[in-house]
Amino acid sequence: MNIFLQTIINGVIVGGTYALMAVGLTFVLGFMDLVNFAHGELYMLGAYFTYFFVVTIALPHIIGIPLAILVAMLLGLLIERFLLRPVWDKDILIRMLLTVGLMILIPNVITVMLTAVPKKVPPPFTMSPFILGNVRVAPIQLLIVLVSVFIIVLFHLFMQRTRLGKAMRATFQDKEVAMAMGIDTKKIYAYTFSIGCGMAAAGGAMLSMIYNVFPAMGAITTTKAFAVVILGGLGNFAGAILGALIVGVSESIAGTYISSGYKDAVAFILLVLILMVKPSGIMGKKGGIEK
Amino acid sequence: MRKKWTWIVPLTLLILMLPLLIESSYFMHITILAMIYIILATSLNLLSGYTGLLSLGHHAFYGIGAYTAALSVMRLGLPFLLALLLSGILPMILSYLVGKITFRLRSSFFAISTIAFAEITRLVSINWVELTEGPMGLPNIPAASIGPLVLNSYNKQYYLVLILAVSSIFLSYRIVNSHIGRVFKGIKDAEYVAISTGVNIDRYLMIAIMAGAFMAGIAGGFYGQYMKFISPDVFYFQMTVNMVVMVIAGGLGTIGGPVVGAIIFTLAPEVLRFSEGYSFILYGIALILIILFLPGGLWSLLKKVKNLFKNSVYPNNSEIEGSDNLK
């Protein structure tokens with residue numbers, strides 16, 4: 001029973017870190033219909049920027065991590081302005097391939113500049129794990145999950161309560177009407193992509209404190225994040241979070257009780273199963289995207 | 001018509017004589033790899049180029065083909081040609097199951113769920129050690145032998161892969177230029193219209209994915225005996241990325257596009273190798289530039305160049321070109 005409880009808790013913590021990645025991805029994918037393979041690269045860059053600010057320049061975490069996210073968002077603006085804007089009206093395959101180009105380009109630039117040797121960002125504090133009964137939780141993991149939850153809540157409030165968030169929702173519901181209402185849709189596209197990049201970078205920044213930072217870390221995460229997003233229901237934030245938790249917990253259970261080798265297949269097997277039953281995902285509306 | 005044939009004859013001669021012209025075994029190797037990629041890009045183009053459903057799990061069929069051929073020769077002792085046939089048939093059967101589940105989805109949903117299938121096959125290839133030897137891979141795969149003929153040189157391998165590549169281009173050409181091809185176009189341009197005229201869409205998509213899986217599997221079967229070694233690396237997502245790049249940068253939904261794309265994007269990393277770590281950076285930049293400035297792919301560029309020559313002979317052609325823009 002204790003092992004089971006520990007497994008579930010580990011799963012929830014892993015799921016919490018998937019959630020941040022998945023929310024950013026579902027945002028860009030659901031709103032802009034962009035299969036963004038560069039999402040994982042922004043996640044990787046977020047980790048590297050954190051390394052730069054926290055280790056190289058030796059800023060405290062509380063300043064370094066937001067700075068890393070900010071730089072990633074600026075980079076997102078640049079990518080949108082110079083690469084994606086010319087192809088927004090093109091076929092979805094063309095847009096996707098452009099992000100594939102970035103997926104090839106960015107990790108190799110990093111490899112050339114910094115070599116592929118894994119780097120480590122030290123956590124802001126060292127504390128012995130909390131022990132509740134027989135269950136152990138590392139404080140840093142708990143902190144990461146809490147920050148992820150905080151960012152997701154902040155993002156949700158931004159979308160629902162601010163003028164810009166409202167303008168974004170309007171733009172992706174009906175672009176023409178939004179334009180007629182005086183919304184600068186070009187700017188909205190830029191901001192949306194930039195925020196998606198920021199979410200990815202936030203995930204990378206958080207996880208850089210417990211995992212190694214290396215150029216290929218983005219590519220490994222991207223496919224699984226896509227599975228989580230479709231599993232939960234495309235463009236649905238609650239679905240993305242639920243999907244992330246389900247995948248995290250199932251992986252943890254599979255790793256403990258079945259085989260650690262097949263652990264990484266869990267997300268994909270779940271995806272295939274759910275697609276057979278409900279092709280729009282767990283929380284997805286039929287043929288629709290929540291906007 | 002006669003004009004069309006004038007360049008085909010020297011081209012055919014060139015392709016047939018290629019092993020005599022290339023002395024370096026390294027370049028022969030690159031040429032054979034390019035041929036394998038021609039088969040793969042053509043097979044992906046059948047589904048993704050013509051019907052517009054992008055599969056990102058296509059490398060699974062290639063990998064399964066590679067393992068099927070290698071295992072049936074090494075463990076079951078089947079003759080090579082039979083093993084090669086099996087390496088096409090098994091992925092084809094699997095593609096039927098994949099299609100059954102994923103054809104209810106479109107665009108990004110479809111693309112991502114096909115990744116899921118491919119990732120599952122990759123993890124099986126790593127973890128089912130009794131069958132696949134896991135990450136260690138299968139070494140010492142015997143070279144193909146057809147009757148008494150053992151394909152133990154680059155030149156012999158070249159002619160085999162040439163036959164396979166030409167057959168797959170021909171097969172794909174025949175499918176696309178039949179009534180099936182017209183249905184593909186209908187599905188891509190206006191699916192609802194196609195459905196409302198009573199077309200069983202799934203059946204036609206099934207033809208596209210199964211024919212594509214068959215070709216990709218055969219390419220895998222050839223690859224295994226050519227390299228004499230396979231490992232779960234054949235299931236890497238990068239394989240599909242390569243194929244997609246070749247198809248789209250070459251020219252989506254054309255017969256010649258994937259061929260041109262496969263040749264150029266197999267050669268490019270090799271030509272750029274002098275730049276060491278920068279080769280993939282240049283590859284990525286080249287890809288982005290092609291998408292931004294040449295969305296029709298390299299094939300459209302070739303056509304433009306061809307039209308340039310035509311216009312100098314038949315000046316009126318430019319008028320016909322212009323009328324196209326009015327649409």
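This is a predicted model: local features need pLDDT of at least 70, side-chain atom pairs count only at pLDDT 80 or more; totals for chains, interfaces and linings use all residues.

Biologist: Is Ile92(A) buried, exposed or partly exposed?

Modeller: One counts the C-beta atoms within 10 Å of the residue's own: 20 or more make it buried, and 12 or fewer make it exposed. Ile92(A) has 16 such neighbours, so it is classed as partly exposed.

Biologist: Which residues is Ile92(A) in contact with, leaving aside neighbours within four places in sequence?

Modeller: The contacts of Ile92(A) are then Asp33(A), Ser107(B) and Ser108(B). Asp33(A) lies 59 residues away in sequence, yet the two C-alpha atoms are 7.3 Å apart in space.

Biologist: How many helices and strands does chain A contain?

Modeller: Chain A has 11 helices and two strands. Read from the N terminus, their order is α-α-α-α-β-β-α-α-α-α-α-α-α.

Biologist: How compact is chain A?

Modeller: One compares the radius of gyration with the value that the globule rule gives for the chain's length. For chain A the radius is 19 Å, close to the 19 Å given by the rule for 291 residues, so the chain is as compact as a globular protein of that length. Along the principal axes, its C-alpha atoms fill a box of roughly 60 × 50 × 35 Å.

Biologist: What share of the residues of chain A counts as buried?

Modeller: The share is 52% of the 291 residues.

Key
Residues are numbered from 1 along each chain as its sequence is written. Chains are lettered from A and ligands numbered from 1 in the order in which they are written. Two residues are in contact if their C-beta atoms, placed from the backbone, lie within 7 Å. Helices (H or I, at least four residues) and strands (E, at least two) are DSSP runs, numbered from the N terminus. The radius of gyration is taken over C-alpha atoms; the globule rule is 2.2 Å times the number of residues to the power 0.38.
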